[in-house]
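Colleague: I have this structure open for the first time and would like to learn how to read its features one by one. Could you take me through them, giving the general idea and then the case at hand?

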Amino acid sequence: MGIGVYLSFGEAIPIVSAFAAAKSLARGVWFSREALALSGLITALKPQKSKQRVNVFIDHAYRFSLDRGVAARLKAGQSLTEEEISQLSRKDEEQRAYLRAVRYLSRRPHAEQEIRNKLSRNGFAEPVLSRTLERLREAELVDDVAFARTWVENRLTFRPRSARALRIELKRKGVPSEAIEQALDGFEEEQAAVLAAEKGVRKYRHLSDEVARKRLMAYLVRRGFNYSVVKQALKQVMHQAIHSDTESEVSR
């Protein structure tokens, strides 16, 4: 036979009350610990060796590090809530993303999408990416139209190609269509083909005229020029090359 415990109604009330009191006490302790976790006192701010970041100590324990610009307004003895710490963390992440983007841009111009892709691969989240690009635009460090124009000018100078080929390249860089069309406004296809042909013909000077012509035609087609534009460019460049060779022979 099992052992039973029988209580009168009057005896049960104190026990229930005691249970409720214990439960409330336990909950009160939990809330106190939560409140303690959500706040803290800055006891030290120590620069890292690079001096670009600052280690923040909360209640004598290392808690996190911040960019020195973000940490500039903090001081020992200042109390922080967890929400304030979260805000500092977000600002720090935005600053790290911004400085990384500036380093990218110091090496060469980038389209906005290139910057976004690079930062994303480094683990930065979408809100940070959007804010970083906004800051870069405000500082006039990124401009897709300017980037596209520079790209077109650079190609014309060193590796001329057609407008169609340039559109493909810029789209791969993530440049919006509107920016691409602005950059190509006034682009002269025939002139670009002649420039490309002049660079290509030097590679085939040692070949016969017929072989050189075929090689040069293939060279221009690979750079996106259509047949009619290629034909005109070949006619002009081959004519110049023949006259140039004739003048050289006469000068001898």
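Modeller: Let us begin with the lining of the largest pocket, which by class has four nonpolar, three polar and three charged residues. Please keep in mind throughout that this is a predicted model.

Colleague: How does one find such a space, and which residues line the largest pocket here?

Modeller: The general idea is that rolling a probe the size of a water molecule over the atoms shows where empty space is left. In this model the largest pocket holds about 290 Å³ of space, and its lining is made up of G69, V70, R73, L74, Q78, L80, E84, Q87, L88 and K91. The elements that each contribute two or more residues to this lining are α2 (68-71) and α3, and of these α3 gives the most, with four residues.

Colleague: Turning to the helices, which residues of α7 are buried, and why do they lie on the same side of the helix?

Modeller: In general, an α-helix has 3.6 residues a turn, so residues three or four places apart point the same way. In α7, which spans residues 163-172, the buried residues are A163, A165, L166, E169 and L170. Because they cover an arc of only 155 degrees around the axis, they fall on the same side of α7. The face turned away from that buried side carries R164, K171 and R172, which are exposed.

Colleague: What do the buried residues of α7 pack against, and what comes just after the helix?

Modeller: The partners of those buried residues are α6 (144-158), α8 (177-183) and α9 (189-201). Just after α7 comes G174, which takes a positive phi of about 90 degrees.

Colleague: Where are the buried residues of α4, and what covers them?

Modeller: Helix α4 runs over residues 112-121, and its buried residues are E112, E114, I115 and L119. They lie on the same side of α4 because the arc they cover around the axis is only 160 degrees. Their cover includes α3, α5 (126-138) and α6. Following α4 there is G123, whose phi is positive and near 95 degrees.

Colleague: Which residues does S65 touch?

Modeller: S65 is found in strand β3, residues 61-67, and with a relative accessibility of 18% it counts as buried. Not counting residues up to four places away in sequence, S65 touches Q48, R53, V54, N55 and D92.

Colleague: How many helices and strands does the chain have, and what can be said of the chain as a whole?

Modeller: The secondary structure comes to 11 helices and four strands, and buried residues make up 33% of the 252 residues in the chain. Among contacts between residues at least 6 apart in sequence, 50% join residues at least 24 apart. The accessible surface comes to about 16800 Å², of which 53% belongs to carbon and sulfur atoms.

Definitions and conventions: Residues numbered from 1 in each chain as written. Predicted model: local features only at pLDDT ≥ 70, side-chain atom pairs only at ≥ 80, totals over all residues. Heavy atoms only, no water. Buried < 20%, exposed > 50% of the residue type's maximum accessible area, 1.4 Å probe, protein only. Arc of directions from axis to C-beta. Contact = heavy atoms within 4.5 Å. Areas by Shrake-Rupley, 256 points an atom, 1.4 Å probe, with all protein chains shown as cover. 1 Å grid on protein atoms, 1.4 Å probe; cavity = no way out; pocket = protein on both sides within 12 Å on 5 of 7 lines; lining within 4 Å. Points joined across faces, edges and corners; volume = space filled by probe spheres on them. Nonpolar A, V, L, I, M, F, W, Y, C, P; charged D, E, K, R; others polar.
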